[in-house]
Amino acid sequence: MTGQKLPKSFSELAPFVAQGWALATERERVAKRCSSTMEELTEFYDAVLPKVDEIMTYLDALPLNDLPEDAQRLLDLTFSLAEASMSVERYQQPGVVDGFDPERFLPFSPFGQVP
Amino acid sequence: MDVAVDGNGKRMETDYGKRWTQDYPELGTDPVPVASRLTQEYFDRERDTIFSKSWLNVGREEQIAETGDFFVQDIAVCKASVLLVRGKDGEIRGFHNVCTHRASKLVWGGSGCKRTFTCKFHGWTFDESGQLVGVPDEDGFYCLDKSENGLVRVATEVWNGFIFVNLDPNPKESLQEYLGEWGERLADYPFQGRTTCYAYQGEINANWKLCVSAFNEGYHVPFVHPMSAPETFRSKKNLFCRPIWVKLYPRHQTYSFYANPDSKMTALEALSAKYGPIVSSGPLGCPPGANPAGDPDWALDANVVFPNFFVDVANDWYFTYNFWPIAPDRTFYQVKSYFVPPKTASERFAHEYGRVLLRDVLLEDVETIEHTQLGLASGVRSHYILQDSEILIRHHLKTVENHVENRV
């Protein structure tokens, strides 16, 4: 998705879309997390965390398998939040402490595509 | 009430002081030889006595739900490639993935849906039941009977939606017999409804047995997962993640992990828990077959099918590991976590949170395995010193040894 728009009520999160946090695949989200600084991760985390309940209330009114583009972008932002939370809440660094190289731990989809 | 002593000599009371190894006196309590079991010679014997003769999990039936759906599973240790196909009659069949003309690999990997499989080399064509149905320029052959040159079958059976193959042309027992009491206990766990799958794969530069033994004990948890799971699986009552239940079957194993009911969730974990399953969601609504001890402080069970397959069941989800030997010091792994398909965005979010947390925890586990391989390869230590919580490692190595030495 190349657009930048979010649903109107979440337009204050638009800067994070512009910074490239709305990503469609797990690999892209891992790469973004691991190439960000703790300052960037923390800023993103602090901004989106308080919005999670509001985001879910908004998205749950829409059909999951047919989300409008701007709503899908919003959901993708929360997936990046899951990544950022690991850095901010647990590791105090972008990547896993003493972890296996994520490039050697590759997603695949035996049951059809999961991004 | 028993006593556990922490690394600083501090004594703590524990409810989890049972000595499981005493229930299995045949295992003994001595150090266990391991370095001698990482050689090419031992690996070849494992191939001949274990991987060529055991029922091996290759996937789930939902992967090939429709007629003609197929996937290929290579079994490198046996130099085998197996083609799994759903037939017109609904049956799942396994075939050696080898053309019967000049023995070329028939399907070059992956998965998909086909009514026929055509060899890239000379166009011999087989249907979804393995019959040879097309031979280009058939008149040029001498006495070719197509009905006798279908694909070579591999014994294939399904238990609770899990597809297993056995490379022995005449398996000495059925899959049901092989799984035995272990399978009976998990017969009613709701695997069928959990069809959303998040999966990872790759190679580990370590022996397959070291991969198995990184995941069937809890003793490592405080040291390997201090930041990702600081108190999820431990508390003052159970400092060292001792099992809440252990059962060793003749070949298979179960180890129930403790969950700390007072574990503090992180901010996002707490939000995620409102919307979907978390790692240790407790025994509430505990599915049949899970939490055999009925302990209210239960997280999940590691259920290990000999030789190389884990089915770890939690309350609302489960995950599996397959460890495929490639060489004495190389293993291909697949990790899959399964959830009930999300109906809402918030459920999908909770899955993503669980997927990311499990992935990062596993990155911590997998990293230890290559260090163990390197340490053992140095030759300084020949044996493991195993404590009671590591009883499944003792049992797994013993079961391997029994096969290799033809005692089974």
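Strand 18 (residues 309-313) of chain B is mostly covered, since five of its five residues are buried. The model discussed here is predicted.

Reader: Which residues of strand 18 of chain B point the opposite way from Phe309(B), Val311(B) and Val313(B)?

Author: In a regular strand the side chains alternate between the two faces of the sheet. In strand 18 of chain B, Phe309(B), Val311(B) and Val313(B) point one way, and every residue on either side is buried. Those that point the other way are Phe310(B) and Asp312(B).

Reader: In strand 18 of chain B, which residue is the bridge partner of Asn303(B)?

Author: Strand 17 (residues 298-305) of chain B runs antiparallel to strand 18 of chain B, and five bridges join them. A hairpin of three residues connects the two strands. Within this pairing, the bridge partner of Asn303(B) is Val311(B).

Reader: On the side of strand 19, which residue is the bridge partner of Asp312(B)?

Author: Strand 18 of chain B is also joined by five bridges to strand 19 (residues 317-327) of chain B, again in the antiparallel sense. Strands 18 and 19 of chain B form a hairpin with three residues between them. The bridge partner of Asp312(B) in strand 19 of chain B is Phe319(B).

Reader: Is Gly59(B) buried or exposed?

Author: Gly59(B) is found in strand 4 (residues 56-60) of chain B. Leaving aside neighbours within four places in sequence, Gly59(B) is in contact with Phe71(B), Gly161(B), Phe162(B), Ile163(B) and Lys336(B). The cut-off for a buried residue is under 20% relative accessible area. Gly59(B) has a relative accessible area of 2%, and therefore counts as buried.

Reader: How many residues apart in sequence are the parts tied together by the pair Glu181(B) and Lys247(B)?

Author: The side chains of Glu181(B) and Lys247(B) meet in a salt bridge at 3.6 Å, N to O. Glu181(B) belongs to helix 2 (residues 175-185) of chain B and Lys247(B) to strand 15 (residues 245-248) of chain B, so the pair ties together parts whose separation in sequence is 66 residues.

Reader: In strand 16 of chain B, which residue is the bridge partner of Leu248(B)?

Author: Strand 15 of chain B runs antiparallel to strand 16 (residues 253-258) of chain B, with four bridges joining them. The two are connected by a hairpin of four residues. The bridge partner of Leu248(B) in strand 16 of chain B is Gln253(B).

Reader: How far apart are the closest N and O atoms of Lys146(B) and Glu138(B)?

Author: Lys146(B) counts as partly exposed at 23% relative accessibility. Glu138(B) likewise counts as partly exposed, at 31%. The two residues form a salt bridge, and their closest N and O atoms lie apart by 3.0 Å.

Reader: What area do chain A and chain B bury between them?

Author: The size of an interface is often given as the accessible area lost when the parts come together. Here the contact takes 40 residues from chain A and 48 residues from chain B. Arg90(A), Phe105(A) and Phe111(A) supply 21% of the area that chain A buries against chain B, more than any other three residues. Of the area buried between the two chains, 64% is on carbon and sulfur atoms, and the area itself is about 4,000 Å².

Reader: Which element gives the most to the side of chain A that touches chain B?

Author: The elements of chain A that give two or more residues to this side are helix 2 (26-35), helix 4 (52-60), helix 5 (69-91) and strand 1 (106-108). By class, the side of chain A that touches chain B has 25 nonpolar, four polar and eleven charged residues. With eleven residues, the element that gives the most is helix 5 of chain A.

Reader: Which residue of chain B stands opposite Phe108(A)?

Author: Strand 1 of chain A pairs with strand 14 (residues 196-204) of chain B in the antiparallel sense, over three bridges. In strand 14 of chain B, the residue opposite Phe108(A) is Ala199(B).

Reader: With which residue of chain A does Arg359(B) form a salt bridge?

Author: The count between chain A and chain B is seven salt bridges. A network of salt bridges links Glu26(A), Arg27(A), Arg33(A), Glu83(A), Arg359(B) and Asp360(B). With the closest N and O atoms 2.7 Å apart, the salt-bridge partner of Arg359(B) is Glu83(A).

Technical notes:
Residues are numbered from 1 along each chain as its sequence is written. Chains are lettered from A and ligands numbered from 1 in the order in which they are written. This is a predicted model: local features need pLDDT of at least 70, side-chain atom pairs count only at pLDDT 80 or more; totals for chains, interfaces and linings use all residues. Side-chain values use heavy atoms; hydrogens and water are left out. Contact means heavy atoms within 4.5 Å. Buried area is the accessible area (1.4 Å probe) that two parts lose on being put together, summed over both. A salt bridge is a side-chain nitrogen of Lys or Arg within 4 Å of a carboxyl oxygen of Asp or Glu. Ala, Val, Leu, Ile, Met, Phe, Trp, Tyr, Cys and Pro count as nonpolar, Asp, Glu, Lys and Arg as charged, and the others, Gly among them, as polar. Two strands pair if DSSP finds at least two bridges between them. Buried means under 20% relative accessible area, exposed over 50%, partly exposed in between (1.4 Å probe, protein chains only).
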